[in-house]
Amino acid sequence: MDKQSRMELRKKAGYRDLPEPVVKVQGPEYSMSFACFNCKTSNMRHFNVPPCDYPKTMKCPICKSTTVNLGRHFKPPKKSDVAQWKKVKFLAEHGFVFQKIRTDSSSYDSVPYPDTLSEAKEFVVKYKKWAWEPTL
Ligand SMILES: [Zn+2]
């Protein structure tokens, strides 16, 4: 059957005015890290964006304690790197979970996170205004 006759048939069958099928567009996917300070592990979870309803905490699959959502940019330290884990925990306890901190609203530059625990102690004071409600 040629194209012309197929179209005639469709017309007769009343298909012509049917709307195009709606294709659901999947939003981008966010991978978020949930860190467990008890067993020093990080679990990746995937969420569709929107609706942006990812949880702030989850239960650790290993030790069942609370894991904290440290977002998309968190790179977990080595399990043996106790000092780094201490620093990350300290930041999380003070409401810093690697959210972007922009002190200049006209710029997209964000404040870099501290490298050490002692830097973190100054950091949480200096940027208190940008702290989130601690989830721990
Ligand atoms: Zn754990």
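Select Thr41 first, a residue of strand 2. Helices and strands here are DSSP runs numbered from the N terminus (helices are H or I with at least four residues, strands are E with at least two). Thr41 is buried, at 15% relative accessible area. The cut-offs are these: buried is under 20% relative accessible area, exposed is over 50%, and partly exposed lies in between (1.4 Å probe, protein chains only).

This is a predicted model, in which local features need pLDDT of at least 70 and side-chain atom pairs count only at pLDDT 80 or more, while totals for chains, interfaces and linings use all residues. Residues are numbered from 1 along each chain as its sequence is written, and side-chain values use heavy atoms, with hydrogens and water left out.

Now show what surrounds Thr41. Leaving aside neighbours within four places in sequence, Thr41 is in contact with Phe34, Ala35, Cys36, Cys60, Ile62, Lys79 and Trp85. Contact means heavy atoms within 4.5 Å.

**Along strand 2**

Move to Asn43, also placed in strand 2. Is Asn43 buried or exposed? Asn43 is buried, with a relative accessible area of 18%. Its contacts, not counting residues up to four places away in sequence, are Met32, Ser33, Phe34 and Pro61.

**The sheet**

Select strand 1 (residues 29–36) and strand 2 (residues 41–48): they run antiparallel and are joined by eight bridges. Two strands pair if DSSP finds at least two bridges between them.

Look for Phe34, whose bridge partner in strand 4 is Asn69. Then find Cys36, which stands opposite Thr67 in strand 4.

In what order do the four strands lie? They form an open sheet in the order 2-1-4-3, with antiparallel pairing. Strand 2 and strand 3 (57–59) stand at the edges with a single partner strand each, so one side of each has no neighbour in the sheet. On average, neighbouring strands of this sheet are turned by 35 degrees against each other, direction ignored. Axes for such angles are lines fitted to C-alpha atoms, for helices over the stretch in contact, and angles run from 0 to 180 degrees between N-to-C directions.

**The zinc ion**

Select the zinc ion. Which residues coordinate the zinc ion? The SG atoms of Cys36, Cys39, Cys60 and Cys63 do, at 2.2 to 2.3 Å. In sequence these donor residues follow the spacing C-x2-C-x20-C-x2-C. The arrangement is tetrahedral because the four donor atoms subtend angles of 104 to 121 degrees around the zinc ion; four donors count as tetrahedral if all angles lie between 85 and 135 degrees.

**The core**

Finish with the largest nonpolar core, which has 20 residues. Such a core is a set of buried Ala, Val, Leu, Ile, Met, Phe, Trp, Tyr and Cys residues joined through side-chain atoms within 4.5 Å. Phe37, Leu70, Phe96 and Phe123 touch the most other members. Helix 2 (82–93) and helix 3 (117–126) are the elements giving two or more residues to this core. Helix 2 gives the most, with five residues.

Technical notes
Donors = N, O, S within 2.8 Å, 3.2 Å for Na, K, Ca; no water. Tetrahedral: all angles 85-135°; square planar, octahedral: opposite > 155°, others 65-115°.
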